[in-house]
Amino acid sequence: MHKQFAPRVFQLGYVALETPDVMRARDHYAETIGMSETATGHDGESYLSIGYEHHNIVLRQAMHKAMGHLGFQLNPGTELRQLVAELRAFGLGAQIKSDSQPGIRELVEVEPVPGTTLQLYTDIDAPAPGFKRTGVSPLRLGHVAVISPEGPKLKTFFMDFLGFWFTDTIAGISNFITCNREHHVVNLVSMPDQRVHHIAFQLKGNASHAMAGDLLAERGLPVKWGPTRHTAGHNIASYHYDPDQVLIELYTDMDVFIPELNMCEARPWHGHFPMAPREWKLTELAAWETEFAFSLAQA
Ligand SMILES: [Fe+2]
């Protein structure tokens, strides 16, 4: 459905991961991905920044790996108390948390479905530790793919409450939605499991894929898929695992969505014009038909 109101949030801010070994995971994100640790928490949490905002990845010690919360930045000027009231009117309990983490004074926490916690905030400190020139050194955190048995409910929340636009689906299982110019900021995967499917970092340019691949190889980290061009989103993507077997995507060339026209900007590699939201088959994951070296269901 094409709608007229703008999303309440404009970007994915951070992804929190629970890990049995914070130091090992921290080493991957700091040294291999090329992020800077900006703070550590009382329970050994590690806050890591790509280069500008206080954190884009949060690592927390836990018995088992798991998805923590997802942070989305609200449009400037959003009144948090009013937001809580509107969430309640939408049928969801929500609370304002003060100083729950370094870098963010106040945020609204809401669990649209059990086990998926979102943190919504207007302001995050920008200590700007600088973009590293070592490691993969991505440009930004682009999107997160979440597996949930409550995919349709999550989609309703993201679209009907947060105002995300729907841009594509793969067989109705993987649903791509966005709150900004990129084809997808969230990918909701409906499956009987609850975890992060992958976290995606945007690289500086297509040449960065080669440099990232060499760097991962030097560190003994196999590239499990790609680089290849996707169909939904048409991003050139490669995937590797972090030390907890959380899938990390590195990508460039994501389709640019124009909500006013309900289509993506035309590109030479598009097989359909206009590139409007559509359904792709499960066999149509890669425009280059590149085989992948992992089980899609377990990735
Ligand atoms: Fe992705």
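Colleague: The charged end of arginine 278 sits over the ring of which residue?

Modeller: This is a predicted model, where local features need pLDDT of at least 70 and side-chain atom pairs count only at pLDDT 80 or more, while totals for chains, interfaces and linings use all residues. Residues are numbered from 1 along each chain as its sequence is written, and side-chain values use heavy atoms, with hydrogens and water left out. A charge sits over a ring if NZ of Lys or CZ of Arg is within 6 Å of the ring centre and within 35 degrees of the ring normal. The charged end of arginine 278 is 4.2 Å from the centre of its ring, that of tryptophan 280.

Colleague: How far is arginine 8 from the ring centre of phenylalanine 161?

Modeller: Phenylalanine 161 belongs to one aromatic cluster with Phe72, Phe90, Phe157, Phe158 and Phe164. Arginine 8 lies over the face of phenylalanine 161, and its distance from the ring centre is 4.0 Å.

Colleague: Is the pair of phenylalanine 90 and phenylalanine 157 stacked or edge-to-face?

Modeller: Rings of Phe, Tyr and Trp (its six-membered ring) pair if their centres lie within 6.5 Å; planes under 30 degrees apart count as stacked, over 60 as edge-to-face and the rest as tilted. A search of the whole structure finds ten aromatic pairs. For phenylalanine 90 and phenylalanine 157, the figures are 6.2 Å centre to centre and 70° between the planes, hence edge-to-face.

Colleague: How many residues apart in sequence are the parts that this pair of phenylalanine 90 and phenylalanine 157 ties together?

Modeller: Helices (H or I, at least four residues) and strands (E, at least two) are DSSP runs, numbered from the N terminus. Phenylalanine 90 lies in the loop between helix H2 (80-89) and strand E6 (94-101), and phenylalanine 157 lies in helix H3 (residues 151-161), so the parts tied together are apart in sequence by 67 residues.

Colleague: Is phenylalanine 157 buried or exposed?

Modeller: Buried means under 20% relative accessible area, exposed over 50%, and partly exposed in between (1.4 Å probe, protein chains only). Phenylalanine 90, at 33% relative accessibility, counts as partly exposed. Phenylalanine 157 has 2% relative accessibility and therefore counts as buried.

Colleague: Why is the pair of tryptophan 225 and tyrosine 239 stacked?

Modeller: Tryptophan 225 is in strand E14 (residues 225-229) and tyrosine 239 in strand E15 (residues 236-241), 14 residues apart. Tryptophan 225 counts as buried at 4% relative accessibility, and tyrosine 239 counts as buried at 4%. The pair is stacked because the ring centres are 5.3 Å apart and the planes are at 20°.
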